[in-house]
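Thanks for coming, everyone. Let me put one model on the screen and walk you through it.

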Amino acid sequence: MPATVFTRDPRRVTQVTLKMAVMVTGVFVVLAILSLFFSRRPTSERQQSQQRVELLRTEIASLRTENARLRAEIDSVRKSTYAVERIAREDLGMSKKGEIVYMLPRK
């Protein structure tokens with residue numbers, strides 16, 4: 001029986017290595033493209049969320065200012081009869097006995 005001799009063919013090794021390198025590179029390219037495609041949407045959603053948060057913070061600050069103004073007006077009404085009279089005259093169009101009220105049209 002003849003002895004079997006195994007020899008490596010350098011061309012075959014080079015071809016297999018080249019095929020593996022092309023496949024690995026292809027996989028990386030596909031993954032990179034998918035990553036770019038899917039990563040843009042969450043970034044824009046995050047930016048929209050951050051803009052919404054800033055808008056809500058601005059609105060909260062505005063509402064706090066309005067609340068402070070209304071609290072001051074409530075305190076003024078509780079402490080002074082002048083404030084009650086002013087509201088009755090300006091907002092409700094009321095007058096004291098004997099007064100003549102002139103109502104001008106609003107522009």
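First, the ground rules. This is a predicted model, where local features need pLDDT of at least 70, side-chain atom pairs count only at pLDDT 80 or more, and totals for chains, interfaces and linings use all residues. Residues are numbered from 1 along each chain as its sequence is written, and side-chain values use heavy atoms, with hydrogens and water left out.

Now the fold. The protein chain has two helices and zero strands. Those are DSSP runs, numbered from the N terminus: H or I of at least four residues for helices, E of at least two for strands. Helix α1 covers residues 10-79.

How much of the chain is buried? Of its 107 residues, 2% count as buried. Buried means under 20% relative accessible area, exposed means over 50%, and partly exposed is in between, with a 1.4 Å probe and protein chains only.

Areas are from the Shrake-Rupley method with a 1.4 Å probe; for residues, only the protein chains shown count as cover.

Look at L31, in helix α1. L31 belongs to a nonpolar surface patch of about 820 Å². Patch residues have over 30% relative accessible area and no salt bridge; nonpolar side chains (Val, Leu, Ile, Met, Phe, Trp, Tyr) are joined within 5 Å, like charges within 9 Å.

Next, charge pairs. Side chains of opposite charge can pair when their charged atoms come close. A salt bridge here is a side-chain nitrogen of Lys or Arg within 4 Å of a carboxyl oxygen of Asp or Glu. The count is five.

Which residues form a network? E66, R69 and E73 are linked by salt bridges. R69 to E66 is 2.7 Å between the closest N and O atoms. E73 to R69 is 3.1 Å, N to O. R69 and E66 sit three residues apart in helix α1, about one turn. E73 and R69 are four residues apart in that helix, again about one turn. R69 is partly exposed at 43%, as is E66 at 34% and E73 at 28%.

Another bridge joins R57 and E54, at 3.2 Å. Those two are three residues apart in helix α1, so about one helical turn separates them. R57 is exposed at 53%; E54 is partly exposed at 44%.

Last, the largest pocket. It holds about 150 Å³ of space. What lines it? R89, E90, D91, G93, V101, Y102, M103, L104 and R106. By class, that is four nonpolar, one polar and four charged residues. Gly counts as polar in that scheme.A pocket is an open set of points on a 1 Å grid, reached by a 1.4 Å probe, with protein on both sides within 12 Å along at least five of seven lines; lining residues have an atom within 4 Å of a point.

Definitions and conventions:
Points joined across faces, edges and corners; volume = space filled by probe spheres on them.
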